[in-house]
Structures are given as structure tokens and as C-alpha cells.
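Trainee: Please pick one part of this model and take me through it closely. After that, show me a few other places that are worth a look.

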Amino acid sequence: MTIMEERAATEVGAARRRKEDARLITGRTMWTENITLPGMLHLAILRSPMAHARITRVDTSAALREPGVVAAFSGADVAGVQGSLPCAWPVTEDMLLPDHPPLAVDEVRHAGEAVAVVVARDRAAAVDALAAIEVDYEPLPVVTEMPAALAEGAPLVHADKGTNKAYTWIFDSGEAGTGQSTEATFADAEVVIKRRYVQQRLIPAFMEPRSVVADPTGDQHTIWSATQIPHILRFLLAVVTGTPEHKVRVVAPDVGGGFGGKLQVTAEELITFLAARRVGKPVKYTESRSDSILTAHHGRDQIQDLELAARRDGTVLGLRVRLLANMGAYMGLVTPGVPLLGAFMYNAIYKFPSYRFECVGVFTNTTITDAYRGAGRPEATYAIERMMDELAVEVGLDPIEVRRRNWIAHDEFPFDTVAGLTYDSGNYEAATDKATSLFGYDELRREQAARRESNDPVQLGIGVSTYTEMCGLAPSRVLGALRYGAGGWESATVRVLPTGKVEVVTGTSPHGQGHETAWSQIVADQLGVAFEDVEVLHGDTRTSHKGLDTYGSRSLAVGGFALVNACTRVVDKARPVAAHLLECDVSDLEFKGGAFRVRGAPADSAGRTLADCSLAVFAAHDLPEGVEPTLDAEATYDPANFSFPHGTHLCATEVDTETGRVTIRSYVAVDDVGRVVNPLIVEGQVHGGVAQGIAQALFEEAVYDADGNLLTGTFVDYTPPSAADLPDIVSDRTETPAPDHPLGTKGVGEAGTIASTPAVVNAIVDALRPYGVDDIRMPCTPERVWRAVQGGDRS
Amino acid sequence: MIPAAFDYTRPSTVDDAVRALAGAGEDAKVLAGGQSLIPVLRMRLAAPTVLVDIGAVAELRGVRDDGDALVVGATTRHADLLRDPLVAAHAPLLAQATAQVGDRQVRHLGTIGGSLSHADPAGDLPGVTVALEATFEVAGPGGRRTVPAAEFFVDFLTTALAPDEVLVSVRVPKRPGWTTHYEKFVRVAQAWAIVGVAAAVRRENGTIAEARLALTNMGTTPLRAAGVEEALTGAPATVDAVASAAGRAGEGADPPTDVFASAGYRRHLATVLTKRAVLAAGGIV
């Protein structure tokens with residue numbers, strides 16, 4: 001019999017320091033690269049220096065004679081067994097889906113494509129022996145830019161397909177019945193604004209380079225990989241290689257960042273698996289940073305042609321989007337679907353009545369594009385938020401006022417959008433009011449006017465970005481309707497151990513998000529156990545046998561729901577045990593603060609904790625009839641809807657008109673991500689996201705030359721910003737709980753990236769309006785800004 | 001990536017270092033702080049057969065006062081130079097530029113001699129030594145010789161050092177009565193200069209009596225801005241006069257076009273940054 005104090009449910013909402021950080025920050029953990037297995041060999045990959053060429057000969061025989069070399073082979077040597085890298089999202093019935101061999105067999109289609117490999121006793125020997133492989137290439141014409149790729153007579157990336165146009169996907173609110181036809185609204189519009197925006201190609205630049213260890217020596221073939229998607233990888237490895245699924249184990253040990261860049265089934269994973277099976281020994285491959293930049297999938301790379309129709313009073317009537325989306329040379333796991341994730345977001349927080357979206361996927365001789373933090377939604381948000389600023393200028397309204405006239409009011413939720421989604425909740429007014437007040441909006445506008453008046457060489461600009469996003473991917477029925485190859489459910493298992501400690505298994509796969517901390521906080525409240533008494537297991541298909549992994553701000557929104565359900569089930573399982581121990585009827589019990597008591601009994605009366613129940617279950621000496629000797633429960637949850645966080649970001653930039661240098665003077669982010677489990681984690685996600693969004697606005701671009709060489713092949717050339725280049729970020733929140741989630745949480749992983757890019761560019765353009773500037777192509781480098789001031793080349 | 005295999009030697013005297021270099025021929029490279037060489041090796045852009053690590057040569061490290069000049073040993077690390085009171089007192093321009101070399105990690109490993117011998121046109125320190133009219137002491141099999149900064153930088157990544165020579169020290173003249181400024185323009189904080197301007201001026205009454213200016217990354221070697229110096233000499237210490245003189249900053253320049261900036265934009269930047277460098281150096285408002 002236990003007398004206990006009631007434990008209040010106070011973990012959710014507490015700014016807990018992350019329990020996983022000590023090991024992650026010190027590196028005293030299982031990064032894939034840290035894994036060393038007995039007899040392990042090392043793999044090096046010879047990559048194509050050409051962007052497009054026929055391979056006429058590969059000779060690996062000399063490499064085999066190099067010291068330490070165990071095996072060397074080319075694509076032709078494994079053509080029959082290597083399979084094709086999978087694409088899980090054929091967005092249309094007639095989408096072109098070319099073969100994507102992990103090792104190129106007779107043709108390379110982008111610089112860096114894997115051509116041959118060496119397996120050796122140490123990594124240096126493997127790298128050295130690459131020089132002994134002979135490859136003859138017959139150059140083929142190269143195309144890297146989308147307009148050129150679609151032109152008549154363009155070089156074909158896949159000659160057998162006859163075109164570089166991979167697919168055309170259309171949404172039309174008139175046809176879908178979600179709104180009016182744009183034909184009608186544009187015909188009557190008082191104002192029509194047309195713009196072309198370019199979403200430059202970006203490199204995800206996760207901190208830990210990708211790494212794979214494949215061990216074929218056990219009954220199960222085991223793959224450790226720095227991946228976001230161990231479960232999806234296991235399933236697809238089985239499908240692609242024909243290995244029985246139960247003979248494949250995938251482990252994502254601690255993984256150092258992803259940002260969507262590790263949401264992929266990679267050539268390197270397949271090649272390492274293949275090599276290990278050929279030599280019958282464990283094999284490791286870890287990419288260099290240069291290889292990572294060149295060959296890990298890129299993001300964005302879209303050209304957006306936009307037309308917005310409005311009335312003179314600033315009311316938006318419709319939007320037309322014609323999008324070109326660069327696929328790169330092949331289709332990655334979700335490459336074709338990324339623009340579709342944006343398709344539903346161009347209408348953003350606004351309630352205009354007509355919308356049409358047309359997307360053409362284009363093949364080019366470049367590295368594949370695929371998901372990168374936000375995936376489609378940052379592009380869409382950028383487009384509409386830039387257009388709203390253009391509209392404000394056109395109709396002579398303050399940019400916040402023009403948004404206010406068009407956004408969905410807080411009492412209009414749930415709201416059916418013109419793009420066919422149902423927004424569950426939001427309060428755009430509250431977030432915007434809080435942001436403008438923290439920012440000092442009116443004072444900054446006064447200072448801006450004074451600088452304009454005095455012709456100050458350093459002009460001040462104010463950028464507004466209001467956003468919502470669809471996250472919590474995703475309702476399986478919606479994914480099915482969009483022709484995605486899997487569902488969007490998530491799973492959780494909760495096991496109460498005999499001593500009352502708790503093991504949680506999640507199907508999400510954290511790679512920096514802090515799930516171990518957040519899940520522990522939730523379980524602590526649900527079960528009334530201590531935060532420290534919860535262990536969260538993830539990422540190994542042997543312990544976490546079911547899940548759909550981590551991306552699209554889904555883990556808490558979907559996985560957290562499953563977790564709460566599993567906790568509820570555990571409590572329900574313990575109930576008859578507790579009733580038996582307390583010699584009362586189950587219906588007389590209540591569970592509160594970690595203990596069962598007879599309803600109405602005083603708080604200090606005798607109760608039975610979950611630990612009492614778990615010990616009784618473990619002993620199983622005296623269990624009531626029909627009660628299983630286990631306190632484990634599993635739950636799988638498929639969301640009914642997406643989750644729609646939102647917010648308002650404001651940015652003030654100082655623009656030096658003499659040099660073009662942009663300095664962010666202040667940045668305010670007010671995000672509404674529903675109820676917050678851990679404010680420290682939320683703030684970290686916002687800061688990191690804002691930094692990446694600023695990076696797109698000001699710093700980063702992957703540049704190819706006309707021959708398809710990647711010119712930004714190192715961090716020196718790609719210029720990702722460091723802390724020294726970024727402003728202090730003031731982040732705050734409003735909380736509109738998600739009505740359909742037991743915790744009221746939404747998603748936060750991508751919010752900062754989605755909101756910040758247009759806030760920064762809007763601020764730069766706002767600073768330079770007196771100079772006649774209405775756009776600057778991203779990244780807004782000093783030279784581009786200076787040239788815009790000069791009225792010269794704005795490209 | 002992993003460098004190709006090489007032999008490694010770590011001599012403890014300058015003579016031994018020179019002997020090691022002479023013995024290895026053209027395929028040897030001097031290793032100091034490794035902040036330029038190691039990345040080059042790792043990317044396999046070079047594959048020397050021998051690395052001569054001069055980190056253990058005591059004579060090469062440290063700063064000493066030599067009357068009318070400071071002598072800075074070649075393997076003095078940037079971070080050590082930044083903490084040195086002699087440098088702070090007598091060569092503030094060198095300190096200001098050194099504080100902007102790379103990032104904190106680079107400054108704790110990289111050395112002044114390594115930066116200068118690498119002769120990257122976008123590096124900060126070559127231009128500073130040119131503006132300050134420093135001289136370099138060089139040791140080779142035939143003994144020691146002195147090379148003026150302006151003659152040390154020969155071409156892109158190329159110096160007056162022979163393959164069997166080692167940079168021993170940099171002699172930086174003290175310039176009492178002069179004030180200085182280094183103006184650097186970068187894409188991101190830890191990056192190389194897109195353009196940089198090292199400026200030293202001496203004011204007399206209301207005029208600029210003398211000026212020394214060198215531009216970073218406006219050609220394959222640091223560029224002494226002789227036209228600007230000429231225009232400034234005797235000019236009134238006013239914003240207008242400086243701005244007018246700075247208009248000549250692009251004279252003789254042959255700046256590169258690369259992923260960071262076009263040649264034309266660099267020419268423009270050179271004039272703006274030169275103006276700002278001189279104004280800051282001269283305390284002119």
C-alpha cells in the first residue's frame with residue numbers, strides 16, 4: 001500500500017533542457033560514422049566529372065591491384081541486381097519516371113553521379129584507389145536551366161522520354177468546386193499585378209554528412225544510416241533489392257540534422273548495401289562535405305509566374321500561379337510532390353474566391369531536388385507575401401492593412417479554403433497585433449520617413465510576412481488522393497517496466513528535434529511519472545517496428561497524438577489491476593497524478609501507483625480473471641486533418657545604398673503553434689528556421705555553370721551564414737490550441753523558414769521603393785542590391 | 001576527403017627546415033598553421049610528397065621590439081598576435097586586419113607567415129604589409145635575404161619565395177604620427193574579402209600630409225593605390241576631398257569576377273571602401 005502525494009501535470013509547457021543534448025553536443029554517441037564493426041571495410045565512390053555523357057568504358061582492374069583493395073566495380077557490373085532508386089510520389093498518371101540506377105550504367109546525367117566504387121581495408125586506401133579506375137566519357141549536350149530545357153530542340157536529359165517535361169499538374173478552384181473560376185474574377189478585376197519570382201536552388205547543409213554502414217553477416221541484414229526515415233528506408237530497401245522485408249533491419253542512430261535533406265533513399269545507401277553483400281563483410285561509407293554538397297539532394301529551384309487580381313480597395317479576388325519546378329536529372333523519393341505541398345498554400349491566410357495553380361516538372365542535368373525545410377510551402381508563402389506587398393503599393397495601403405482586409409478572421413474558423421483545405425483554427429489578428437507592438441512598427445515607419453526625407457545613404461525598410469502552413473503530414477486519405485505511395489499515420493508504444501519506469505517507442509525519427517525530451521514531458525503528465533523515469537526509443541526497426549518517421553512538422557502533431565492514446569491505453573490496462581489491489585470496483589476508480597484511488601477518497605488516502613500495478617503485473621501471482629500480465633500498449637493514429645500553425649514575422653533592414661549591403665536591424669517572430677510542450681524547443685526551432693529563411697533571402701544559392709559544373713561546391717562558395725551574420729531574433733507566441741489534438745499542439749519545425757524569407761525581401765524592397773525598385777532576385781547579395789539601386793541589371 | 005600520402009618532418013631550426021626543403025625538391029611544402037594547406041591537401045588539389053612542419057622552430061615564433069620596427073616571427077599565430085601589446089601599440093592596422101582573418105578557430109591555428117606565404121589575393125594580411133611597407137626576412141640554402149612587401153607578392157598564390165626558402169619574419173615599421181584603418185567587405189562574417197582596403201594616413205594641421213593604401217582582391221596581388229595616395233597628399237582633410245581622391249582607387253586594378261562579385265562591382269566597391277577607410281583612418285567626419 002502506498003501513500004503518495006498527487007503529482008501535478010506540469011511537465012507540458014515547461015522549458016525543460018533537452019535530455020539528449022549532452023551526448024549530441026559532445027559527440028559521445030552513436031553517430032553512424034562512429035560505428036566500427038569487426039572486419040569492416042570502407043567504400044569510396046568515383047563520381048562523374050561530367051554533367052551529361054555516355055559512359056563508353058569503365059575499367060576497374062587496376063584499382064583491384066592497389067594496396068588494401070578488396071573489391072572494385074562499376075554500374076555495368078551490377079546492372080542486373082542494383083535496381084532503381086525509388087520515387088514514392090508519381091503525381092500524375094502519365095508522369096515520366098525514368099530509371100534511376102544507384103550506379104550509372106551507360107550514361108551520367110548530372111555532375112557527381114556515382115560511376116564506380118572501391119572497397120578497401122581502410123578509407124584512405126579506398127580513396128587512393130579511385131585514381132586507378134579508368135572511365136571513358138563521350139560528352140552529351142547539357143541543359144541546366146528550366147526555360148532552356150523546355151525550349152524546342154533542347155538537349156534531352158532522358159533521350160528515350162522524348163521531352164524534359166516530366167509532368168503537368170493543375171488545380172483550379174472553379175473545376176474543383178472550391179471557389180470560382182479565375183477567368184471570371186480576372187476579367188472584372190480593377191487591379192491585376194503580374195510578377196515572376198525565382199526560388200533559387202538551395203543546399204540543405206545538414207551538419208552531419210550522410211553516412212552508411214551495411215552489415216550482411218547476420219540473419220538480418222542491418223543498415224545503419226544517417227537518415228530521417230528508417231522505416232520508409234526498410235520498406236523500400238526490401239522492395240528495391242528484393243530482400244525479404246523481415247531480413248532487413250534499418251537503424252537511424254543519432255542523426256545530426258536533416259532539414260528534409262535526409263528524407264531520401266539514397267544511391268549511397270543502396271551502393272553500400274550492394275557492396276557489403278558482394279564482399280560478405282560490413283562496409284562503411286561516409287561522404288565528404290564536398291560530396292554532400294554536390295550529390296545530396298538540393299531544394300527549391302522554382303520559377304513562379306504570378307498574377308493577382310484585386311479591387312482598388314485592396315480586396316484580393318484571385319490568384320493564378322504558373323510554376324516551373326526543377327526536378328534535377330531524376331526523381332527522388334518525393335521530388336515531384338514538393339511543389340504540390342505548396343499548391344495548397346498560395347492562398348495562405350487569405351479568403352479570396354478564385355485560384356488556379358499549374359505546375360510543370362522539368363528535368364535538367366543537375367542534382368535532384370527534393371524536400372528542404374518547408375518543401376513547397378516556403379516558395380508559396382514567399383510568392384503570396386511578396387505579391388501582397390506589391391498590392392499594398394499599387395492600391396496605396398499599408399502592407400499590414402492590405403493583409404487585414406483579406407485574411408480569415410478568428411471567428412471564421414473552421415474555414416474551407418479556395419485550395420480545398422479546412423483550416424482548423426487561428427487568430428491572425430492577435431499574432432499580428434503582438435508582433436507590431438514588439439517590433440515598434442509605427443516608430444520604425446517614422447524613422448523610415450525621416451531617412452527618406454534626408455536622403456540618407458542607409459535606407460530603412462520594413463518587411464511583413466504573415467503565414468500559415470499545412471503541417472502534421474498527413475491524413476492518409478489525402479495522401480492517397482494525391483497519389484503518394486504511403487500513408488501519414490504514426491505510432492507509439494508505451495511500456496511500464498516492473499519497477500515503474502517507462503519505456504516509450506516512437507515511430508518518429510528525431511534528428512535534432514528533441515523528441516526524447518518532449519515525449520518524456522508528455523508521458524510524465526499522462527502517466528504521472530517523473531520526467532527522468534521515461535526513456536524514449538526510436539530509429540531502430542528492431543525496437544521501433546512501425547512508424548513513418550520525421551518530416552513535414554509531423555512528429556508531435558501526429559506522433560504526439562498516438563503517444564497520448566498509448567498512454568491512455570496503458571492506464572486503462574492498469575485499471576482492473578488497481579481495482580483488484582484496492583479491492584474496489586473498476587467503476588469506482590479514478591486515475592490522477594500517477595495513482596489510482598477510490599473516487600471521492602481524500603488525496604492523501606491510500607492509492608495504487610502505476611508502479612504498484614506494474615510490479616503486480618510482472619509477478620502475475622494474483623491477477624484478476626482475464627487480465628494479461630503486461631502493462632504495454634500501442635497506438636497508431638491517422639490524423640483527420642492537417643495542422644495549421646500560423647504567425648506574423650516583421651523584419652527591419654538597413655540597406656547601404658552605396659555598397660548594397662543589407663543589415664537586419666531587428667527581427668520579430670510571433671508564431672502560433674498551438675499549445676506548446678516545451679518553449680525552449682519551440683524557440684530553438686523558430687530561431688533555426690528563421691536563420692535558414694534569412695539564408696535564402698540574403699546568402700545562399702547553388703549555382704551551376706552552363707556545362708553543369710556546380711560552382712558553389714564548398715561552404716566557402718555557398719556562403720551559409722553563421723551566428724555572426726544573423727540578427728538577434730525576438731520570438732514570442734500566441735496560443736490558439738489545435739481543436740482536434742488532445743494536447744492542442746500544432747507543428748513548428750518549418751514555420752521559421754516559411755515565414756522569414758519574404759519578411760526579409762519585403763523589407764529590402766521596401767527600403768528601396770524610392771529608388772523605383774520593386775524586386776530583387778534572391779539571394780539579395782550586395783551586388784544585386786547595389787545594381788537594383790543603380791536601376792541597372794536586376795537579375 | 002583524405003589527403004594523398006606524404007612524408008612528414010618536423011625540424012627544430014630554420015637551417016634544418018631549409019635543408020629538409022632543399023632535399024625534397026619541388027614536391028615539398030612548408031606546413032605552418034595548416035589553415036590553407038590542409039584544405040588544399042584534403043581536396044587533393046595538391047599532393048606534395050613531403051611536408052616540412054616548422055611549428056617546432058622556436059626562432060620563428062613571437063613578436064619583438066627592434067627599435068624603429070616590430071619583428072613578427074612567421075609562425076606567430078593570429079590569436080597570439082592579437083594579444084600582443086607591442087602589436088597593439090605599434091601596428092594597430094595589423095591587429096585590426098588580423099582580427100578579421102577567418103574565424104576564431106582559424107585564428108588560433110593560422111599564422112601570419114602562413115597567410116603571407118600562401119599569398120591569396122583575397123587574404124587580409126598581404127595588403128596590410130604592403131600598405132605598411134613591411135619587409136620580409138627569408139632564409140634559404142644561401143643564407144638570409146630581405147624582400148620588401150611590394151616585391152614579395154608576385155602573382156596569384158605566388159611569392160618571391162623559392163621552393164627551398166622559408167619565411168622567417170616580417171619587419172613592420174613603427175609609424176608614429178600615423179593613424180590607420182582596415183575596411184573589409186565580405187559576404188559572410190568568416191569569409192575572405194570581396195574587396196579590402198588597408199589605409200594609413202598622417203595628418204598635419206588640416207591636411208593629409210601622407211597616405212599609404214593597399215587594396216585586397218583587386219588583382220592577383222595586393223594593389224598599392226598610388227593614384228589615391230597622390231591625390232590625398234596635401235589634400236584638405238575633408239569628406240569631399242577624400243571622396244574625390246578615392247575615385248582613383250580602381251587605377252591599375254584587374255579584379256576578378258567570381259561567384260561572389262563581378263569585376264565591375266569590385267571596382268565600385270574599391271572606391272567606396274577606400275573613402276571609408278581613409279575617413280576612418282584619418283578620423284575625418
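**The annotated span of chain B**

Mentor: UniProt, in an unreviewed entry, places the feature "domain: FAD-binding PCMH-type" at residues 1–177 of chain B; UniProt positions are given in the numbering used here, feature names are shortened, and annotations may be inferred rather than shown by experiment. Residues are numbered from 1 along each chain as its sequence is written, while chains are lettered from A and ligands numbered from 1 in the order in which they are written. The model is predicted, and local features need pLDDT of at least 70, side-chain atom pairs count only at pLDDT 80 or more, and totals for chains, interfaces and linings use all residues; side-chain values use heavy atoms, with hydrogens and water left out.

The span is 33% helix and 25% strand, and its end C-alpha atoms lie 50 Å apart. Helices (H or I, at least four residues) and strands (E, at least two) are DSSP runs, numbered from the N terminus.

Start with the sheet. In chain B, 5 strands make an open sheet with antiparallel pairing, in the order β4-β5-β10-β6-β7; two strands pair if DSSP finds at least two bridges between them. At the edges are β4 (63–65) and β7 (143–148) of chain B, each pairing on one side only. From one strand to the next, the twist averages 25°; axes are lines fitted to C-alpha atoms, for helices over the stretch in contact, and angles run from 0 to 180 degrees between N-to-C directions.

Look at one pair of strands. Strand β6 (residues 135–140) of chain B is joined to β7(B) by 6 bridges, and the two run antiparallel. E137(B) stands opposite T146(B) in β7(B). Helix α1 (residues 14–24) of chain B packs on this sheet and touches β6, β7 and β10 (166–173) of chain B, where contact means heavy atoms within 4.5 Å. The direction of α1 makes about 130° with that of β10(B).

N205(B) lies in the loop between β12 (195–204) and β13 (207–216) of chain B, and has a positive phi of about 50° although it is not a glycine. N205(B) counts as exposed because its relative accessibility is 77%; buried means under 20% relative accessible area, exposed over 50%, and partly exposed in between (1.4 Å probe, protein chains only). T274(B), in helix α12 (residues 263–282) of chain B, has 0% relative accessibility and so counts as buried. Apart from neighbours within four places in sequence, the residues in contact with T274(B) include V197(B), L213(B), V228(B) and A246(B).

Rings of Phe, Tyr and Trp (its six-membered ring) pair if their centres lie within 6.5 Å; planes under 30 degrees apart count as stacked, over 60 as edge-to-face and the rest as tilted. The whole structure has 17 aromatic pairs over all chains. One of them is W169(A) with F357(A), edge-to-face at 6.0 Å centre to centre and 70° between the planes. W169(A) is in strand β8 (residues 165–172) of chain A and F357(A) in strand β16 (residues 354–363) of chain A, 188 residues apart. Both W169(A) and F357(A) are buried. Y346(A) also pairs with F357(A); that pair is tilted, at 5.6 Å and 45°. Ring pairs link W169(A), F171(A), F344(A), Y346(A), Y355(A) and F357(A) into a cluster.
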